[in-house]
Amino acid sequence: MSVPNIPSKINSYNVYNDAERLIGVGDEVTLPDFEAMAETISGAGILGELDDPTVGHFSNMEMEIPFRVLDREATDMLDMTKAVRLTLRAAQQALTVEGDTEFRPMRVVVRGKSATLAMGSVQNANPMESSVTLNVSYILIEVDGTTLVELDKINPTFKVNGVDLLQKVREMT
């Protein structure tokens with residue numbers, strides 16, 4: 001049985017729109033949280049209350065894309081008639097059990113519509129720190145070519161580690 005590498009950090013990343021690499025993206029992009037929608041159940045046979053998550057259903061997911069300065073790439077995302085499509089490509093750095101450093105690719109694909117454009121501030125010799133916040137309708141996270149999570153809210157798909165947890169539900173409806 002082999003011992004897996006120990007992931008340690010993101011070595012480098014880039015953000016791409018449909019056409020090309022986005023230049024001027026800030027230092028850090030925070031991925032959205034998966035907050036499951038749940039109903040509280042109680043009654044005979046249950047001691048108190050229990051929140052039961054609905055498989056594949058999540059609260060609104062937001063993702064902020066920071067920009068060093070306000071530019072066309074940021075304002076293009078403000079067109080609410082079109083979904084924004086972004087791909088983050090990163091190199092994950094990991095340690096082997098022997099202490100060697102290895103790299104593996106990470107890819108995050110998101111699709112959504114603009115919710116907020118933060119214009120930032122203007123100051124000599126400083127970035128503006130503008131940002132666009134997306135309401136995410138689709139997200140795919142892959143590491144080393146393996147799908148960890150895929151959620152498509154519009155085309156009801158929810159996969160964890162490559163297993164489609166809603167396949168049976170789609171077959172029934």
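Residues are numbered from 1 along each chain as its sequence is written, and side-chain values use heavy atoms, with hydrogens and water left out. Because the model is predicted, local features need pLDDT of at least 70 and side-chain atom pairs count only at pLDDT 80 or more, while totals for chains, interfaces and linings use all residues.

**Exercise 1. Describe the secondary structure and the overall dimensions of the protein.**

Step 1. The protein has two helices and ten strands; helices (H or I, at least four residues) and strands (E, at least two) are DSSP runs, numbered from the N terminus. Their order along the sequence is β-β-β-β-α-β-β-β-β-β-β-α.

Step 2. The radius of gyration is 20 Å, whereas a compact globule of 173 residues would have one near 16 Å. This radius is taken over C-alpha atoms, and the globule rule is 2.2 Å times the number of residues to the power 0.38. The C-alpha trace spans about 65 × 50 × 35 Å along its principal axes.

Step 3. Of the 173 residues, 31% count as buried (buried is under 20% relative accessible area, exposed over 50%, partly exposed in between; 1.4 Å probe, protein chains only).

Step 4. Take contacts (heavy atoms within 4.5 Å) between residues at least 6 apart in sequence: 57% of them join residues at least 24 apart.

**Exercise 2. Characterise the aromatic pairs and state which residues form a cluster.**

Step 1. A pair of aromatic rings is described by the distance of the centres and the angle of the planes. Rings of Phe, Tyr and Trp (its six-membered ring) pair if their centres lie within 6.5 Å; planes under 30 degrees apart count as stacked, over 60 as edge-to-face and the rest as tilted. The count by this rule is two aromatic pairs.

Step 2. Phe34 and Phe58 are edge-to-face, at 5.3 Å centre to centre and 90 degrees between the planes. Phe34 lies in the loop between strand E1 (6-16) and strand E2 (36-42), and Phe58 in strand E3 (residues 49-58), so this pair ties together parts that are 24 residues apart in sequence. Phe34 is partly exposed at 31% relative accessibility, whereas Phe58 is buried at 12%.

Step 3. The ring centres of Phe58 and Phe158 are 5.1 Å apart with planes at 65 degrees, so this pair is also edge-to-face. Because Phe158 belongs to strand E9 (residues 157-160) and Phe58 to strand E3, the pair ties together parts that are 100 residues apart in sequence. Phe158 is buried at 9% relative accessibility.

Step 4. Phe34, Phe58 and Phe158 form one aromatic cluster.
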